[in-house]
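Thanks for coming. I will take one structure today and walk through how its parts pack. Please have a look at it before I start.

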Amino acid sequence: MAEPTAIVKCLVWDLDNTLWQGTLLEDGDVKLADSVSELITELDSRGILQSVASKNDHDQAWKQLEALGVAEYFVLPRIGWGPKSDSVREIADELNFALDTIAFVDDQPAERAEVEFHLPQVRCYDAERLPELAALPEFSPATVTVDSRRRRQMYQAGFLRKSAEAEFQGPSDDFLRSLELEMRIGRATEDELSRVEELTLRTSQMNATGVHYSISDLRTLLADPYHEVLVTTLTDRFGPHGAVGLQLLAKHAGVWNLKLLATSCRVVSFGAGSVILGWLGDQAAHAGVHLVADFRRTERNRMMEIAYRLAGFTDESCDCRAGLPAPAQQDIQRLHLLPAPCAPPPTMKLHTVSLQGA
């Protein structure tokens with residue numbers, strides 16, 4: 001069987017006679033074809049990042065991109081006079097993308113050959129193929145999640161956040177306060193299910209059980225009044241972090257069972273897991289029920305176990321476990337939360353739904 005085509009994660013554009021019609025330094029007046037503008041927005045909506053590797057005067061070229069109304073779509077542009085292979089490599093390195101997930105489009109055969117020689121993993125395309133790119137398998141991800149559609153904004157916010165942290169002078173808690181973090185915990189919507197499935201599949205270090213839930217499984221749980229499928233999102237003054245956490249909660253008489261907690265590793269330093277567990281503990285306490293969490297130790301999720309212990313979960317016996325169905329896997333532990341209500345840290349605002357009486 002043929003292996004599936006690897007999806008392009010970033011398309012790097014040449015400018016002259018590729019992205020726009022004409023040569024900027026010679027013609028002065030260049031134009032953007034409607035078809036190219038549509039391709040840029042279509043790839044962006046699919047979660048494919050776009051950048052620039054062009055031999056041009058940087059300030060003049062960037063001003064032209066702004067005038068054409070497309071500058072915002074390009075991350076980490078490299079506009080100068082060095083080899084384009086160097087530019088493409090720098091873009092891949094800063095994005096932390098493997099070279100085989102990068103594509104490059106240029107009208108000049110010599111420029112494509114230079115990139116292909118130094119970076120053979122990068123897929124190169126003649127500008128004449130622009131009309132067909134959107135239909136190619138490598139530019140057609142099977143699933144486009146809510147976060148995919150805002151991937152560019154998330155990366156742009158991340159670059160600004162990283163730069164601000166590097167320049168910040170003072171304690172790390174003060175920097176976190178300066179971010180104006182806002183966490184929202186709410187019930188998952190149908191539109192969010194593909195991203196929720198992705199969290200159960202891809203998160204390993206901050207996944208409490210490692211159990212994967214398909215979209216079909218999640219849709220069934222959404223329709224069940226005795227289950228909560230909760231999604232955590234995070235934003236700050238620079239922009240969105242996107243969906244960063246998932247909680248699957250089964251409600252039984254007298255006890256709530258947290259069947260899965262998964263959070264993105266990107267937000268570990270913000271204490272996201274502790275905030276979520278503290279909020280769940282408060283909700284259970286106000287509802288007058290015990291809270292029990294499933295946990296399965298793996299080689300990678302030690303940090304998640306620490307988060308549970310710090311939040312007050314223990315493996316001490318409790319009668320509340322007796323009425324719970326058997327866990328999905330035999331090696332899953334059931335940890336009981338000792339009463340330990342927890343307010344969100346002063347570095348973060350918390351917006352939530354109420355689970356009481358549901």
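**Packing in the chain**

Let me begin with Phe 313: setting aside its neighbours within four places in sequence, Phe 313 is in contact with Leu 277, Leu 291, Ala 293, Tyr 308, Leu 335, His 336 and Leu 337. Contact here means heavy atoms within 4.5 Å.

Some housekeeping on where this comes from. This is a predicted model, in which local features need pLDDT of at least 70 and side-chain atom pairs count only at pLDDT 80 or more, while totals for chains, interfaces and linings use all residues. Residues are numbered from 1 along each chain as its sequence is written, and side-chain values use heavy atoms, with hydrogens and water left out.

Back to Phe 313. Which residues have the most contacts inside the largest nonpolar core? They are Leu 280, Tyr 308 and Phe 313, and that core has 38 residues. By nonpolar core I mean a set of buried Ala, Val, Leu, Ile, Met, Phe, Trp, Tyr and Cys residues joined through side-chain atoms within 4.5 Å. Buried is under 20% relative accessible area, exposed is over 50%, and partly exposed is in between, with a 1.4 Å probe and protein chains only. Helix α12, residues 272-287, gives the largest share of this core, seven residues. Helices (H or I, at least four residues) and strands (E, at least two) are DSSP runs, numbered from the N terminus. Another core lies apart from the largest one; it has 31 residues, including Ala 33, Val 52, Ala 61 and Ile 79. As background, nonpolar side chains in soluble globular proteins tend to be buried together.

For the chain as a whole, there are 13 helices and 13 strands. The C-alpha trace spans about 80 × 55 × 35 Å along its principal axes. Of the 358 residues, 49% are buried. Among contacts with a separation of 6 or more, 68% are between residues 24 or more positions apart.

The C-alpha atoms of Leu 230 and Leu 248 are separated by 6.4 Å, with the two residues 18 apart along the chain.

Now two helices. Helix α2 covers residues 34-45, and at 1.5 Å a residue its 12 residues should span 16 Å; the end C-alpha atoms are 17 Å apart, which agrees. The expected span is 1.5 Å times one less than the number of residues. Val 36, Leu 39, Ile 40, Leu 43 and Asp 44 are buried in α2. Seen down the axis, those buried residues fall within an arc of 130°, so they line one face of the helix. The arc is that of the directions from the helix axis to the C-beta atoms. Exposed Asp 34 and Glu 38 sit on the face of α2 turned away from the buried side. Covering the buried residues of α2 are, among others, β1, β2, α6, α7 and α8. Just after α2, Gly 47 takes a positive phi of about 85°.

Helix α10, residues 193-202, is mostly covered, with seven of its 10 residues buried. Its buried residues pack against α7, α11, β7, β8 and β9.

On to the rings. How many aromatic pairs does a search of the whole structure find? It finds six. Rings of Phe, Tyr and Trp (its six-membered ring) pair if their centres lie within 6.5 Å; planes under 30 degrees apart count as stacked, over 60 as edge-to-face and the rest as tilted. Phe 295 lies in strand β10 and Tyr 308 in helix α13, so the pair ties together parts that are 13 residues apart in sequence. Both Phe 295 and Tyr 308 are buried.

Phe 97, Tyr 155 and Phe 159 form one aromatic cluster. Lys 9 lies over the face of Phe 97, at 4.2 Å from the ring centre. A charge sits over a ring if NZ of Lys or CZ of Arg is within 6 Å of the ring centre and within 35 degrees of the ring normal.
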